[in-house]
Amino acid sequence: MGLNMQKRIGQGALWIFACLAIDAGDVWAQWVQFTDQTSTRLVATAGVALTNTDEKDYAWADVDQDGDIDLVAVYKEPFTTTGRRRNVLFMNEGLAEGHAINGVLVDRTNTLIPQFLDLTNDRDVILVDVNGDGWLDIVTATTLSGSQPKSISHPRIYINQGDNVSGVWLGYVFDDVDRIPTMPVEPRFCSVTAGDVDGAGDNDLYFTDYNQGPYERPADLNDRLCINNGAGYFTDQTAARMTFQMVQSSFGMASAIADINDDGFLDIVKDTALTDPIHVSVSYNDSSNEGFFDIFDEVYNNAPYHVTVGDLNNDSRLDLVITDDGTDRYLLNQGNNGSGIATFVEHTFIGSVGEFGGEQIISDLNNDGFLDVFITDVDIDSPGCSRRSKLFRNLGNPPNVTMQEQGTSGITNAHLTGLHDAAVFDINGDGWKDLVLGQCTGTRVYMNVPPAGVLLFSYPNGNHAILSSNTTEPPWRVPITSCVSWDSPPSEPKR
């Protein structure tokens, strides 16, 4: 039975027919296979990308709203050091820009965000709309820059300038150092996360701090909650809204703003490691006084190093993935207890071994509707790039899903060894997640090879992010390069 798909645009319709009957269960049950296409997918000087030996952290989204995903990369001298580096904006380009293929990551820092060339010591970066104009801005988390002026020592906000009157994207500008409040002492931030914690309709920021470093600060800063005034300017309201226990960090590596107990209010998840306190915790948003946090719950106390949030078993409850200095674990959310606090059941990753891991990326790699997990291996505090990163497949057996390593999936052991971070997104618009690997020795791009028989689309005339409501004919033509039929397509994971 052939596939019949209909996409309505305004009053017109685009009909696509697929012709090849294949058992969809076989297609979607397959695991991923990647191929190294760095030479054709990455355009930058070698020292900026291919042979760059700096610590790397990534954020990705469609920053210019042209229908494809772009990549932001922040760099610093590896490990706990004061060495500052330039950052990079990789724009996703293709046929429309004169390339031979779609999905080419090109360094456009010089023209589109020249202040990214300033030497900064950035350990984390996120993309979030801070001023409510519908365009994604860039927020960085800085560390170990106490001898520098505020423009270097504190987090930066780069404002997305959107399009001009001719529809040309204008890039980013770092326009005001005081969008971020001046901290009482030098920030040593390891992570930043964003969300509307006070229900004001804008995105607030939470930074996690750590004490380690080559020289002493006059005081311990700890984590900071910064509240948005709606225009992308923030005030430090940590003490007024959170307890000391909630924000105390020895080595605050990661954080997330998310609704953990499903009450409609955003909570704060964070980990702190190395010395007391050592835990993964949830600070719960007070449902009767939104934006103020009234309950603190430690959910994990082994040797956590990083935490990420995602719904692993598709039950609409948010679970936790924890990198541990021993065996990595994931905590499945079982719902709330009588006090409205989420309860968790702990599971181990099959194939995880006792070693210092790095960050985690939660993403559906094989399009089966279940989120998989990629754990990088570099401990940012302790030198060493000899361990191997791991891809864990979600076997899709809820409620207690199994997470199991499935081998290297076509990635060489050399390219999985020594990863600071990885970016997981669809580079070429074929519907399958690809990988950018940020190694200690450089950057690699691996493309996801779809299983044989899957319906693939190409956009020779370009893709479009926004269509007019009165469009009667589709502004693109979609050749089908291969096809498959199914009674019902696989469900998308609940985010």
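Let's start in the loop between strand S18, residues 267-272, and strand S19, residues 279-285: Pro277 is located there. Keep in mind that this is a predicted model. The peptide bond joining Asp276 to Pro277 is cis. Its omega is about 0 degrees.

Leu274 is not a glycine, yet its phi is positive, near 75 degrees.

Where is Pro399? In the loop between strand S27, residues 390-394, and strand S28, residues 403-405.

Back to positive phi. Asn222 has a phi of about 65 degrees, and Asn222 is not a glycine either. Its loop runs between strand S14, residues 204-209, and strand S15, residues 224-228. What about its accessibility? For Asn222 the relative value is 6%. Buried means under 20%, so Asn222 counts as buried.

Next, the aromatics. How many aromatic pairs are there? The count comes to 9. Take one of them, Phe189 with Phe207. The ring centres are 4.7 Å apart and the planes meet at 20 degrees. Planes under 30 degrees apart count as stacked, so this pair is stacked. Look at where the partners come from. Phe189 belongs to strand S13, residues 189-195, and Phe207 to strand S14. The two are 18 residues apart, and the pair links distant parts of the chain. Both Phe189 and Phe207 are buried.

For the general point: two numbers describe a pair of aromatic rings, the distance of the centres and the angle of the planes.

There is also a cluster. Which residues form it? Phe116, Tyr158 and Phe174 make up one aromatic cluster.

Last item: charges over rings. Arg188 lies over the face of Tyr215, and the distance to the ring centre is 4.9 Å. Then Arg241. Its charged end sits over the ring of Phe292, 4.5 Å from the centre.

Quick recap. Positive phi: Asn222 and Leu274. Stacked rings: Phe189 and Phe207. Charge over ring: Arg188 on Tyr215, and Arg241 on Phe292.

Definitions and conventions:
Residues are numbered from 1 along each chain as its sequence is written. This is a predicted model: local features need pLDDT of at least 70, side-chain atom pairs count only at pLDDT 80 or more; totals for chains, interfaces and linings use all residues. Side-chain values use heavy atoms; hydrogens and water are left out. Helices (H or I, at least four residues) and strands (E, at least two) are DSSP runs, numbered from the N terminus. Buried means under 20% relative accessible area, exposed over 50%, partly exposed in between (1.4 Å probe, protein chains only). Rings of Phe, Tyr and Trp (its six-membered ring) pair if their centres lie within 6.5 Å; planes under 30 degrees apart count as stacked, over 60 as edge-to-face and the rest as tilted. A charge sits over a ring if NZ of Lys or CZ of Arg is within 6 Å of the ring centre and within 35 degrees of the ring normal.
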